[in-house]
Each structure stands twice: as structure tokens, then as C-alpha cells.
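Trainee: Hi, could you walk me through this one? I'd like to ask things as they come up.
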Amino acid sequence: MNQIKRGRPKGFDQQDALEKAMLLFWQNGYVATSISDLTQALGITAPSLYCAFGDKASLFNQCIEYYLTNEACPILSIVKQAKTAKVAIELLMYESAKKLIQPGKPAGCMLITATMNGSKQIEDVQLSVQEKRKSYQEILLQRMKKGIEDGDVAPDAPINAIVDFYITVIDGFTIQACDGIELERLNQVIFNAMQAWPILNTNLQQQ
């Protein structure tokens, strides 16, 4: 009797498989994406999938990393290149809006949509994604602190509240994107949100 081969299939391209799995999770969410869906999309058997990526949660986490590297807004390069904290946040919002409404790609941010309908059964997966989102907030908070050092953010500005405000606006883009909003309308939201900067950064205005 011939033994069933359980390794990776011949010619298996792990990066291509990760992209396909990522798109599936991004489109349908973690809970709604089954192992059968994944094996069909990747063109491999379940044993081959487990051999290459581990279990479903492990594959999902690898897809999140792939998404952050290849699809998400490049927040680190934006905050490093922006001359001021205000410019960093403004550029981040405009770039995020473009990333969330891409032709041929699922709408919205995978870090939000993929675990939106989760439950206690996927708590570990949700916590992992939440940590990724928190890291984005921390990057912006550090940029705000640099803004204080550089003098473009008021010394006593409520930087945590400012970051919370703009992160909330950006997160809201995902709901709008999933509802089919046009980029032009999101850009108008960004313009309006940036009008709040002088109000949020009040102490700088009072000097």
C-alpha cells in the first residue's frame, strides 16, 4: 500500500500561499474561514497546511504579519519622514484611507475586520491582534513626544487624548470602507479631522 505523503506539495510557494490565506481571512474573518476554505484556496491538503504553517491560529498570525509587511499603511516610515507630528498624523490618515479602499482587495483594515465577529473561543487570536493595534498607538504617542521635544507640539498638550482621537478616526475608516464609501469622501473626513488639531493642541496656541 502506498503511504500518504503529508509534507508540502511539490512546487509549494509559501509566500503565495500566505497571500491567498491572508486575503481569505481579510475578506471573511477568522471565524468564518474554515480549514476547508483555506486548503481549497491554497490548493493543498489539510496535512500539508499544518506541516507548512501549523494550526489555523498560527497561520492567521503569519497572515497578519504578512499583511502588516505588504498591505498595511507603512506607519514607521511615515512618522520618521514627517517633519512634524501634525504632518505625520495627516499623512498617516491619507495613506491609510488609500490602503483601505484598494481595487481588487478586501475593504477595511484586516486588524479590525478579521476578528470583528469573534468570541471567547478565539480570545487568544483577538488579544494578539489587539497588541498589534496598540503598537500603532504607541508609535504615534512616541511621535507626539518627539513633537514636544521639537517644539511643534505644546509641552502640556494632552497627547494621549490626541492620539486616541486620530486613531479612532482612522479605525472608523474601516467601517466606512466596508460600506463602500468613496476615497474622496474619506479625504474630506481627514480634512475635517485635521481642523481639530489647533483645538487639541491648545497650549501651543496660547503661548
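Trainee: Is the crossing of H4 and H8 left-handed or right-handed?
Mentor: The crossing of H4 and H8 is right-handed. A crossing is left-handed if the near helix is turned anticlockwise from the far one by less than a right angle, and right-handed if clockwise. Before we go on, this is a predicted model, where local features need pLDDT of at least 70, side-chain atom pairs count only at pLDDT 80 or more, and totals for chains, interfaces and linings use all residues. Residues are numbered from 1 along each chain as its sequence is written, and side-chain values use heavy atoms, with hydrogens and water left out.

Trainee: Thanks! At what angle do the axes of H4 and H8 cross?
Mentor: Helix H4 (residues 56-70) and helix H8 (residues 123-150) have axes that cross at roughly 20° and come within 10 Å. Axes here are lines fitted to C-alpha atoms, for helices over the stretch in contact, with angles running from 0 to 180 degrees between N-to-C directions. H4 and H8 are therefore roughly parallel to each other. For the wording, angles under 35 degrees count as roughly parallel, over 145 as roughly antiparallel, 65 to 115 as roughly perpendicular and the rest as oblique.

Trainee: Which residues make the contact?
Mentor: On the H4 side they are Ala57, Phe60, Asn61, Ile64, Glu65 and Leu68, and on the H8 side Val125, Ser128, Val129, Lys132 and Tyr136. Contact means heavy atoms within 4.5 Å. Sorted by class, the contact of H4 with H8 has seven nonpolar, two polar and two charged residues. Ala, Val, Leu, Ile, Met, Phe, Trp, Tyr, Cys and Pro count as nonpolar, Asp, Glu, Lys and Arg as charged, and the others, Gly among them, as polar.

Trainee: And how do H1 and H2 pack?
Mentor: Their axes are 9 Å apart, at an angle of about 135°. That makes H1 oblique to H2. The crossing of H1 and H2 is right-handed. In the contact, Ala17, Lys20, Ala21, Leu24 and Phe25 of H1 meet Asp37, Leu38, Ala41 and Leu42 of H2. By class, the contact of H1 with H2 has seven nonpolar, no polar and two charged residues.

Trainee: Stepping back, how many helices and strands does the protein have?
Mentor: It comes to 12 helices and zero strands. Helices (H or I, at least four residues) and strands (E, at least two) are DSSP runs, numbered from the N terminus. The C-alpha trace of the protein spans about 85 × 35 × 35 Å along its principal axes.

Trainee: What share of the residues count as buried?
Mentor: Of the 207 residues, 39% count as buried. Buried means under 20% relative accessible area, exposed over 50%, partly exposed in between (1.4 Å probe, protein chains only).

Trainee: Let's zoom in. Where is Tyr30 found?
Mentor: Tyr30 sits in the loop between helix H1 (14-28) and helix H2 (35-42). Tyr30 counts as buried, at 7% relative accessibility. Leaving aside neighbours within four places in sequence, Tyr30 is in contact with Phe25, Lys56, Ala57, Phe60, Ala114, Ile122 and Val125. Ile122 is 92 residues apart from Tyr30 along the chain, and their C-alpha atoms are separated by 8.7 Å. Phe25, Tyr30 and Phe60 also form one aromatic cluster.

Trainee: Nice, aromatics! How many aromatic pairs does the structure hold?
Mentor: The structure holds six aromatic pairs. One of them has the rings of Trp26 and Tyr67 with their centres 5.0 Å apart and their planes at 80°, so the pair is edge-to-face. Rings of Phe, Tyr and Trp (its six-membered ring) pair if their centres lie within 6.5 Å; planes under 30 degrees apart count as stacked, over 60 as edge-to-face and the rest as tilted. Trp26 lies in helix H1 and Tyr67 in helix H4, so the pair ties together parts that are 41 residues apart in sequence.

Trainee: Are Trp26 and Tyr67 buried or exposed?
Mentor: Both Trp26 and Tyr67 are buried.

Trainee: Last topic: which residues is Thr174 in contact with?
Mentor: Leaving aside neighbours within four places in sequence, Thr174 is in contact with Leu100, Gly108, Cys109, Ile112 and Thr113. Thr174 is in helix H9, and at 0% relative accessibility Thr174 counts as buried.
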